[in-house]
Amino acid sequence: MEDTYDVIVLGTGLTECIISGLLSVNGKKVLHMDRNEYYGGDCASLNLEQIWEHFHEPDKPSDKFGQSRQYNIDLIPKFLMASGQLVKILLHTDVTRYLEFKSVEGSYVLKGKSINKVPATEQEALSTSLLGMFEKKRFRDFLMFVKDYDTSNSKTWHSIQPDMPSSKLMDKFKLDGGVADVIGHSLALYRDESWLQEPAATTISKIMLYFDSLSHYGKSPYLYPIYGLGDLPQAFARLSAVYGGTYMLSKPVLGLTFDDTGRVSGVKSDDGIAKCKTVVGDPSYFKDRVKQVGSVARCIAILDHPLADTNNAESCQIILPQNQINRRFDVYVSCVSFAHNVAPKGKYICLVSSTMETGDPKVDLAAGVKLLEPTLHKFYSVSPLFEPVNDHQKEGIHISKSYDATSHFQTVCEDVVRLYKEITGETDVSYIFVPKKKEDEQ
């Protein structure tokens, strides 16, 4: 234990594992510790008996669920955008050699009282029942405009300058109400109405990411690992070992040591002090250096049928924009199944999540849970949302943010980039999105 490292990482949540992998691959000596005996932290993947224990359910699961070991239930399942930053980071670190991904079958959105596939091509825009006759043409024209838009070529702007608010973009094509909700929340994946004040160029780039990701597989822009997310932290552990990193599970963290300037100098454990100049970790290791900014309500449900109005999809995402359900925050529904080897044949695992607005998760999630019924079993939970408040430059302590309610990895990637920039002091970290082999050739 008493050795010196460039960086010590505390906790094996996904954010911490990605950071550990990036640092290892790019030449840092990393020690990765977790007080738990399992990988994943808040993102752990559990079998049926383990999830019964985790939620303190009485008795044991009945035979109707099938074999416990056939379940890999992610506590916080999130989908990957096929062309998104996380996939690029996975390719950069070459951790993909340890993982297998499969596309998610469908991407859906609530408008009014009906669930519809998110239209993302000109043909779908004209055929979808999501839009009225006049809306269809305006939406199709909007999609064609977005695909041609180039921030470096003013001829493609057609009066929409890159720094104009996105509300001007909606006004140009007379897109409002439910259509704007579909664009902002299910294509650009914004989480609240503040997106209308975001620069038009930002919204257009987010929509283009959706298109680019969709072009890989055709059914939806999302990917999910075979056997669930539980293998991701372990894959990064293997990767780190290849580059000389060290992982320690069931390792108590008894405190930190500091030098005379107030900068972290080591981590105490039961068998000594590991020395370092930088510590990274999740909020649970730094309770005096974070503040709570909200809470996330989640409901994990086991079903024996696909979700209604999803064309019997074996995996899908449904976004319920806040305006459509009279809330301040969107509700997210994700569904995976035996198709991704996370449940026995005929069983489906769904998660409903949202930022808390009331004191009751059942109230906050009601609009999403209604779409799942009937269910075999439901597990409700509430998790605090923490953000760091410490002076990372002075202390050398870098703290991740809690996992939000979204059912995709876009916000996690933003946090990874923030942490990596803080730790390395680099402003341009675009190289972490380039596969290592190509980077070496440049």
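This is a predicted model: local features need pLDDT of at least 70, side-chain atom pairs count only at pLDDT 80 or more; totals for chains, interfaces and linings use all residues.
1. Across the whole structure, a search turns up 14 aromatic pairs. Take F142 and F173: their ring centres are 5.7 Å apart and their planes stand at 80 degrees, so this pair is edge-to-face. The two residues come from distant parts of the chain, 31 residues apart, with F142 in helix α5 (residues 133-148) and F173 in the loop between α6 (166-172) and α7 (177-187).

2. K172 lies over the face of F173, 5.8 Å from the ring centre. Elsewhere, R35 sits over the face of Y285, at 3.8 Å from the ring centre.

3. Now for the sheet: 5 strands form an open, parallel arrangement in the order β10-β2-β1-β14-β20. At the edges are β10 (246-248) and β20 (397-399), each pairing on one side only. On average, neighbouring strands are turned by 15 degrees against each other, direction ignored.

4. Within that sheet, β1 (residues 7-10) and β14 (residues 278-281) pair in the parallel sense over 4 bridges. For I8, the bridge partner in β14 is V279.

5. Which strands does helix α1 touch? Helix α1 (residues 14-25) packs on the sheet against β1, β2 (30-33), β10 and β14, and its direction makes about 165 degrees with that of β2. Helix α13 (residues 410-424) lies across β1, β14 and β20, running at about 175 degrees to β20.

Conventions. Residues are numbered from 1 along each chain as its sequence is written. Side-chain values use heavy atoms; hydrogens and water are left out. Rings of Phe, Tyr and Trp (its six-membered ring) pair if their centres lie within 6.5 Å; planes under 30 degrees apart count as stacked, over 60 as edge-to-face and the rest as tilted. A charge sits over a ring if NZ of Lys or CZ of Arg is within 6 Å of the ring centre and within 35 degrees of the ring normal. Two strands pair if DSSP finds at least two bridges between them. Axes are lines fitted to C-alpha atoms, for helices over the stretch in contact, and angles run from 0 to 180 degrees between N-to-C directions. Contact means heavy atoms within 4.5 Å.
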